[in-house]
Amino acid sequence: MKLRPIAGIVLRQIYLLRGSPVRVFPMVTWVAIDIVLWGFITRYLNNVSGSGMDFVPTLLGGVLLWDFCTRIMQGVSTAFLEDVWSRNFLNLFASPLSISEYIAGLVITSVLTSSVGVVVMLVLATGVFHLQFFAMGLPLIAFLMVLFVFGITLGIFASGIVLRLGPASEWLLWPLPALLSPFAAVFYPLAVLPHWMQWVARALPPSYVFEGMRTLLAGRPFPGVLLLQGSGVAVLELLLAAYFYARVYRHAVRTGLLARYSAESVA
Amino acid sequence: MSATPQPGERPALTVTHLHKVYGAVTAVDDVSFTVNRGEIVGLLGPNGAGKTTTINMVLGVLAATTGSVQIGGIDISKRRAKALARTNFAAVYAPLPGNLTVVENLRFFGLLYGIRSLRSRVEALLVQFDLAHLRHTKCGLLSSGEQTRAALAKALLNDPQLLLLDEPTASLDPSAAQLIREKIRGLATDNHCGILWTSHNMNEVEAVCDRVLFLSRGKVLLEGNPRMLPHEHGSATLEDLFIRVAREPLSAVANGVP
């Protein structure tokens, strides 16, 4: 991989943000709304439950981590969609840019754009609702990495779907995190899910992360096994997503889809 | 006007026995040709003849069913990045992203092509294509002529050995088209760049191209000097010959039946 083409993909996104600052608005707005909404819900639950349980770390922490994963996914797929919307595939892929350089550029772009939302979430959650986000220390970083890898995986997979099925399939992309969220066990233990849902959940790295985080919050020992399992599944799925994207790209080159990629095209 | 290859110099483009089959349809059928450095070759033919399919295979965005494409002697199916670093293209159906300014587009694509000293290269191209005053204008807001100049500036970022131009003057007024033709003619001469040009404007092809290839139903039907070819095949003008190629059976035209 060469650095210049990767830098080109990242620079393009910076130019887009600079040229149209309104693009920053959705990066900040949705996460801010989530934190404010769930912040007040947790505050209310703390007041009325009487159980002595602090809902802030479990619910608000869960929202923050799930939003982090979702923002990473959307960062990758939105950067990809910029090329769909501007019909730029021919210009891109008739250049020496390789697929791995393109994806690396999308991932770095996603890190930059999603970090804006993460900073806003952290400021609101800690400043207004007193979430002690970093109190868990190093384990938190390890679990965040798993969510980061899974967010990238989802972004690559979603981009592959759009490349394969055409621009209209963009509408399949946006609800993807919502479709997965019941299985991710963000707000409740895995055990409350029906048996078949637990099997699906085990295929999703976030379920290991959120189970692990709940274990830590309950004051039990560091769940190293959950971290290892979650990491293993995350890495495996990242490789599968990269393989899927490469297959879709090769199909698009073989069938001519890439050359004539346009609105509503399905091959 | 015709370019003579220098001794030991590889052609800018060598296409050998290229086939592209989509199911039961053969879009490109055993096409072979070369484009030498400094030469402008016109790729002509009616709609659906296989011109754009051929160009897409040369650009590596469409895989050939069989056959090979070599750019400066490098096989694109084996060393894609190295081959594509030596080529570039401009086409009306592949505009530069309209939400980036001219200078942003040139820097973006300059990085994709791995250009060193990018800043000075971009400045030189802005001057060469009279785009300096439009540097901060979004490409989507440019006129057709300005967009064509911007696309050509992008196409020259990497000083390509091979330049593919798919109807580069299609949306231009006659004056702007003439200026673009002069610039492109200059590129072949001054930059020693091989150019593969598609156009439906036969007067333009006659004025610009050193050699033409007529494609019909995926096959190369005729090849030769655009100023001599019509007479060799019993037509008054290149346009007449084009119309015959488009309407008549392949064998009749190739055999020169009037």
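What percentage of the 258 residues of chain B count as buried? Of these 258 residues, 52% count as buried, where a residue is buried if 20 or more other C-beta atoms, placed from the backbone, lie within 10 Å of its own, exposed if 12 or fewer do, and partly exposed in between. The structure is a predicted model, in which local features need pLDDT of at least 70 and side-chain atom pairs count only at pLDDT 80 or more, whereas totals for chains, interfaces and linings use all residues. Residues are numbered from 1 along each chain as its sequence is written, while chains are lettered from A and ligands numbered from 1 in the order in which they are written.

**The two chains**

Chain A comes to 11 helices and zero strands, whereas chain B has 10 helices and 10 strands; helices (H or I, at least four residues) and strands (E, at least two) are DSSP runs numbered from the N terminus. The radius of gyration of chain B, 18 Å, is close to the 18 Å that the globule rule gives for 258 residues, so chain B is as compact as a globular protein of that length. For chain A, with 267 residues, a compact globule would have a radius of gyration near 18 Å, and the value of 20 Å agrees with this. The radius is taken over C-alpha atoms, and the rule is 2.2 Å times the number of residues to the power 0.38.

| Chain | Box filled by the C-alpha atoms, along the principal axes |
|---|---|
| Chain A | roughly 60 × 40 × 35 Å |
| Chain B | roughly 55 × 40 × 40 Å |

In chain A, buried residues make up 44% of the 267 residues. Of the contacts in chain A with a separation of 6 or more, 76% are between residues 24 or more positions apart, a contact being a pair of residues whose C-beta atoms, placed from the backbone, lie within 7 Å.

**The sheet of chain B**

Six strands of chain B form an open sheet in the order β6-β7-β8-β3-β9-β10, with mixed pairing; two strands pair if DSSP finds at least two bridges between them. Strands β6 (87-91) and β10 (219-224) of chain B stand at the edges with a single partner strand each, so one side of each is left without a neighbour in the sheet. From one strand to the next the twist averages 20°. Strands β3 (residues 40-44) and β8 (residues 194-198) of chain B run parallel and are joined by four bridges, and Val41(B) stands opposite Leu196(B) in β8(B).

Helix α1 (residues 51-58) of chain B lies across β3, β7 (162-166), β8 and β9 (211-216) of that chain, and runs at about 150° to β7(B). Such angles run from 0 to 180 degrees between N-to-C directions, with axes fitted to C-alpha atoms, for helices over the stretch in contact.

In helix α9 (residues 238-247) of chain B, the buried residues are Leu238(B), Leu241(B), Phe242(B) and Val245(B). Seen down the axis of α9(B), these buried residues fall within an arc of 105°, so they line one face of the helix; the arc is that of the directions from the helix axis to the C-beta atoms.

Ser77(B) is found in the loop between β5 (74-75) and α2 (80-84) of chain B and is partly exposed, with 14 other C-beta atoms within 10 Å. The C-alpha atoms of Ser77(B) and Met57(B), which are 20 residues apart along the chain, are separated by 9.7 Å.

**Where the chains touch**

In the complex, 26 residues of chain A are in contact with 24 residues of chain B. On the side of chain A that touches chain B, the elements giving two or more residues are α1 (3-19), α4 (89-93) and α11 (224-255) of chain A, and α1(A) gives the most, with nine residues.

Definitions and conventions: Contact = placed C-beta atoms within 7 Å.
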